Amino acid sequence: MADYSNAIVLIPAYNPDEKMEYLVEDLVREGFKHILIVNDGSKKECDSVFHSVSSYNEVEIVHHAVNLGKGRALKTGFNYLLNKYGKWTRLITVDADGQHSINDIKKVARKLTYSKDDTLVLGVRDFSVDNVPFRSRFGNKLTEKVFQFVTGIHVTDTQTGLRGISYSFLRDLMNVKGERFEYEMNMLLESKGNNVHIEEVGIETIYIEENKTSHFRPVLDSIKIYSLFLKYLSSSLVSFGLDILFYTLLLIALNGILPTYYIIGATIGARVLSSLFNYTVNRNIVFRSNSKYTLIKYYSLSLFQMLVSAVGVYLLFDFIGINEVVIKIIVDALLFVVSFYVQREWVFKKLKPRKDGLSLNG
């Protein structure tokens with residue numbers, strides 16, 4: 001039997017039932033010596049479950065007085081383990097609802113043991129199997145594709161709770177935002193910013209009672225998951241509104257000064273002011289970039305986008321012959337999506353940290 005005595009298992013638990021008791025029993029039987037459970041403000045009826053697992057010498061339990069969310073429970077566990085074990089900390093996070101089999105937990109533990117330090121190991125499920133509920137199959141596939149587009153990270157199972165995390169990355173995760181399920185998604189985003197390599201291990205797809213015990217809220221938590229693109233969209237909409245506002249004000253201001261060219265002046269002035277606002281928000285809030293020469297790259301992209309829009313509308317109108325306004329809406333909508341990708345991957349791409357504390361262009 002493989003030696004798992006050096007692996008630490010962290011279980012965030014909210015209103016667990018007997019399935020967590022079976023999980024802990026399996027972990028102890030297989031030789032896991034360090035198991036930390038975070039009771040995330042569970043109801044009183046669950047006290048017997050926590051009392052039962054606390055009888056094992058291998059188990060420690062810390063408590064939240066109220067429910068703070070899975071993200072906060074994970075960070076509570078990270079902090080506790082870092083303080084107790086320091087650089088020795090290489091842990092496996094496991095859900096308490098019975099969706100992770102002991103064999104899969106062992107697979108992730110072995111993978112983490114033989115991986116380099118800058119690695120995040122994900123236990124990924126196969127959502128094409130028959131026992132996966134439709135909402136989970138559809139939701140996870142949609143999330144996988146949208147997440148890849150929004151972030152540039154391809155992960156088969158973005159919502160898996162079975163993860164192997166090394167010490168160096170664990171410290172960085174303490175400062176990652178998110179209190180609920182979006183924290184696990186933010187963890188993936190942080191891996192890209194910190195040059196952490198993601199490795200996947202195929203695991204069994206277990207859905208008990210149609211996944212009724214899941215505390216994931218499809219609408220609210222998905223909004224948090226896709227917050228990057230939503231912030232980008234909001235920034236663009238506000239910039240558009242400011243462009244119209246500045247254009248109106250400059251028309252009034254320049255009418256008497258430049259009677260012949262006041263429309264051109266108002267157009268250029270409004271676009272410069274609104275684009276500066278958009279650049280500032282995208283750099284500091286949307287993408288939170290520390291890259292160099294972002295202003296030059298941003299306006300190079302804007303100029304290129306304007307030229308492609310003009311040429312594209314002209315050519316499509318000449319070829320198709322439908323209304324010019326309709327064509328422009330379609331072309332600019334496509335360019336809007338492409339611009340997001342280019343801004344994320346080139347204009348505002350973050351500098352990757354180096355081991356010596358400096359940064360390199362990604």
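**Exercise 1.** Is the crossing of H9 and H12 left-handed or right-handed?

*Solution.* The model is a predicted one, in which local features require pLDDT of at least 70 and side-chain atom pairs count only at pLDDT 80 or more, whereas totals for chains, interfaces and linings use all residues. Residues are numbered from 1 along each chain as its sequence is written, and side-chain values use heavy atoms, with hydrogens and water left out. Helices (H or I, at least four residues) and strands (E, at least two) are DSSP runs, numbered from the N terminus. The crossing of H9 and H12 is right-handed; a crossing has this hand if the near helix is turned clockwise from the far one by less than a right angle, and is left-handed if anticlockwise.

The geometry comes next: helix H9 (residues 227-254) and helix H12 (residues 324-347) have axes that come within 12 Å and cross at roughly 120°. Axes are lines fitted to C-alpha atoms, for helices over the stretch in contact, and angles run from 0 to 180 degrees between N-to-C directions. H9 and H12 are therefore oblique to each other, given that angles under 35 degrees count as roughly parallel, over 145 as roughly antiparallel, 65 to 115 as roughly perpendicular and the rest as oblique.

For the contact (heavy atoms within 4.5 Å), H9 supplies Leu228, Phe229, Tyr232, Leu233 and Ser236, while H12 supplies Phe336, Ser339, Phe340 and Gln343. By class, these residues are six nonpolar, three polar and no charged, where Ala, Val, Leu, Ile, Met, Phe, Trp, Tyr, Cys and Pro count as nonpolar, Asp, Glu, Lys and Arg as charged, and the others, Gly among them, as polar.

**Exercise 2.** Determine how H9 is oriented relative to H10, and classify the residues of their contact.

*Solution.* Start from the angle, which is about 155°, with the axes of H9 and H10 7 Å apart. That makes H9 roughly antiparallel to H10. H9 passes H10 in a right-handed crossing, and the residues of the contact divide into 18 nonpolar, nine polar and three charged.

**Exercise 3.** Describe the packing of H3 against H7, then check the length of H7.

*Solution.* Helix H3 (residues 70-85) packs on helix H7 (residues 182-193) at an angle of about 60°, their axes being 7 Å apart, and the two are therefore oblique to each other. On the H3 side the contact involves Lys70, Gly71, Leu74, Lys75 and Phe78, and on the H7 side Tyr183, Glu184 and Met187. This contact has four nonpolar, one polar and three charged residues.

For the length, the expected span is 1.5 Å times one less than the number of residues. The twelve residues of H7 should therefore span 16 Å, and the end C-alpha atoms are 17 Å apart, which agrees. Buried residues (under 20% relative accessible area, with exposed over 50% and partly exposed in between, using a 1.4 Å probe and protein chains only) in H7 are Glu182, Tyr183, Glu184, Met185, Asn186, Met187, Leu188 and Ser191. Just after H7, Asn195 takes a positive phi of about 60°.

**Exercise 4.** Repeat the length check for H11, and state which residues of H11 are buried.

*Solution.* Helix H11 (residues 294-320) has 27 residues and should span 39 Å, which agrees with the 37 Å between its end C-alpha atoms. Its buried residues are Thr294, Lys297, Tyr298, Leu301, Ser309, Gly312 and Val313, and what covers them includes helix H10 (262-286) and H12. H11 is followed by Gly321, whose phi is positive, near 85°.

**Exercise 5.** Characterise the surroundings of Val62.

*Solution.* Val62 lies in strand E3 (residues 59-64) and, at 17% relative accessibility, counts as buried. Leaving aside residues up to four places away in sequence, Val62 touches Leu36, Ile37, Val38, Asn39, Thr76 and Tyr80. The C-alpha atoms of Val62 and Gly77, 15 residues apart along the chain, are separated by 8.0 Å.
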